[in-house]
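Subject: Structure for you to look over

Dear colleague,

Here is the structure I promised to pass on, with some notes on what I found in it. Please open it alongside this message.

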Amino acid sequence: MKRFKVLLALAPLCFSAACATGNFGGTSYPAGDQPAEARAYSDFMIARVAALTDDPETAARHYASAIATAPEALDVAERAVFSALLAGDYGLAAGMARRANDAGSEASLVRLTLISDAIGRGKTKAAIDLVEASDLRAFNRMVARNLEAWSLLDVEGADAAEALLQKNLTGDPRLDNATLHMMGLVQAAARRDDAALETFAMIWDSGARLATGAETYAALLAERGDREAALAILRQFRTEIGYNASLEALAARIERGDAVKAPRLTVRQGAALSLFLPASALFFQTEDDVAAVYFVLAVALDPDLHQARTLWAQSLNQAGRRTEALRVLSEVPEGSPYYAAARSQMASTLLQEDRADEALTVAAEALSAKPDRSLRLQLADLYRALERHGEAEAILTDVIAADEAEGRGDWRPVFSRGAARERQANYDGAEADMKRALELNPGNAIVLNYLGYSWIDRGINLAEGFDLIRQAVALQPGSAHIVDSLGWAHYKFGQYDEAVDYLERAVVLLPGDPVLNDHLGDAYWKAGRRKEAGFQWQRALKLDPSAEDKLKIEQKLKAGPSALPSAPGAAIAR
């Protein structure tokens, strides 16, 4: 074990030497005659390089071989399980976790995989023992304790499960939010509806919003006959958070007068949510792929947890693994409330692959099979992405008319139609839509930014346009694109020092965006910072700009200022 640790520590240096000499370690062995440590080291190196180059399947395979060859090499265990889960191979991950555990591994992900696997195989007592024997840090400890609560519900009953959840409250709202939702879901599963309603009411009054909690809360109210209160919860969620397919489907059933039964989760379903809910929060707070491994564990426990599939696919797409993302999304069935979202993601992914015809076919077939509002909106978004703005406008006009007939005040289709109209130079219609979107959702940073910049870009309502963009930045100072708009607006009016300040902030917020880097290069040039301008343009070229933008950037690198967008020469009060 000690010698293997030394090999791992020296791996980067040894790998560099191997690249230079063409020989790992300088000694050749006949096939099959390598010592175990050499084979384990070789597998580790291949796995490590594969992991660094976003090839989790190869990484998982060679990590597994390294563990099989040198099971005492516990340092490799967590990387091996992580790679297998990232590759979507739950069976391999569970097998490696069991082998690592037998060799004495206490790695967090190894333990979580074992706990999940025990629950999946109905061995809830073993899952409890694993949690109690594990020393996990805050996030994984919270996840594991929630998994234990569902296991306790099965082994000892609701009192034990609730007592554990109560004990696990930390006073940190970021962690307690998931635990309190688990408590309400456990109470509902145990048919302790009074307690569940009390828990969900407390969560709701605190301002915490999770779709799973809102759905159970509203369904419990509707099941008791309080349909208006249930609809009020669902409407408030839509207003504050936005559209959610499952909640919209529940609202439609309540409005039709259908019988509504509250969700009563099984142990496996509850355990899957124990993994999914905190991981979904993690997913939206980070840019790495850590959350994806929790989504894989959740889907293994509950294959019908389709919202986990959509986020898993989104994570795969962000990692450039689009073929796998398409496979995961294709497994969301037509009857799922998340079918429309999954098909939309498929169409978007196909579009990223330059498969526009297939993208349209997927969206159109989905709409034909299930002609609901969300799919119409998805098709309109696809037409906008393809710059077929007239077709997008026609669909959005139909959606808006239906919304008005139903008394639905949704700013998003109105905004989208305004954007489509603006791209067709129908400026009056676009402005009317943008103003209407602001009436429906006052203080919306996206709309403020779009309307303000459209005015500045056309040279009208200049002071008011700048004020709208400043309001947008104040509302969303962490939005790179909105900060970029303010910087680019300064650029358009020859205020290059101010432009550089905001455009640098935008690039810090979103360093991988080619348009933002291109804008910063333009501002550097105009501010007299020529070398920095060239660097930013070169960087923008490496970030996969559109074909049109790529040509413009290449022209700027050759021609300098003659190819730059010009400022109109006017100035406004700052």
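By class, the lining of the largest cavity has six nonpolar, one polar and three charged residues (Ala, Val, Leu, Ile, Met, Phe, Trp, Tyr, Cys and Pro count as nonpolar, Asp, Glu, Lys and Arg as charged, and the others, Gly among them, as polar). Please bear in mind that this is a predicted model, in which local features need pLDDT of at least 70 and side-chain atom pairs count only at pLDDT 80 or more, while totals for chains, interfaces and linings use all residues. Residues are numbered from 1 along each chain as its sequence is written, and side-chain values use heavy atoms, with hydrogens and water left out.

That cavity has a volume of about 60 Å³, and its lining includes Glu 422, Tyr 427, Trp 455 and Arg 458. Helix α25 (445-458) provides the largest share of the lining, five residues. A cavity here is a set of points, on a 1 Å grid over the protein atoms alone, where a 1.4 Å probe fits but cannot get out, whereas a pocket is an open set with protein on both sides within 12 Å along at least five of seven lines; lining residues have an atom within 4 Å of a point. Grid points are joined across faces, edges and corners, and a volume is the space filled by probe spheres set on the points. Helices are DSSP runs (H or I, at least four residues), numbered from the N terminus.

The second largest pocket holds about 2000 Å³ of space and is lined by 47 residues, with Ile 241, Tyr 243, Phe 284, Leu 311 and Gln 314 nearest its centre. Helix α15 gives the most to this lining, with eight residues, and the lining divides into 27 nonpolar, 13 polar and seven charged residues.

Turning to helix packing, α4 (residues 77-86) and α16 (residues 290-301) meet at an angle of about 70°, their axes being 8 Å apart (axes are lines fitted to C-alpha atoms, for helices over the stretch in contact, and angles run from 0 to 180 degrees between N-to-C directions). The two helices are therefore roughly perpendicular, a term covering 65 to 115 degrees. Phe 82, Leu 85 and Leu 86 of α4 are among the residues making the contact, which means heavy atoms within 4.5 Å.

Finally, the count of salt bridges comes to 39, each being a side-chain nitrogen of Lys or Arg within 4 Å of a carboxyl oxygen of Asp or Glu. One of them joins Arg 235 and Glu 255, with the closest N and O atoms 4.0 Å apart. Arg 235 lies in α13 and Glu 255 in α14, so the pair ties together parts that are 20 residues apart in sequence.

With best wishes

Terms used
Parallel < 35°, antiparallel > 145°, perpendicular 65-115°, else oblique.
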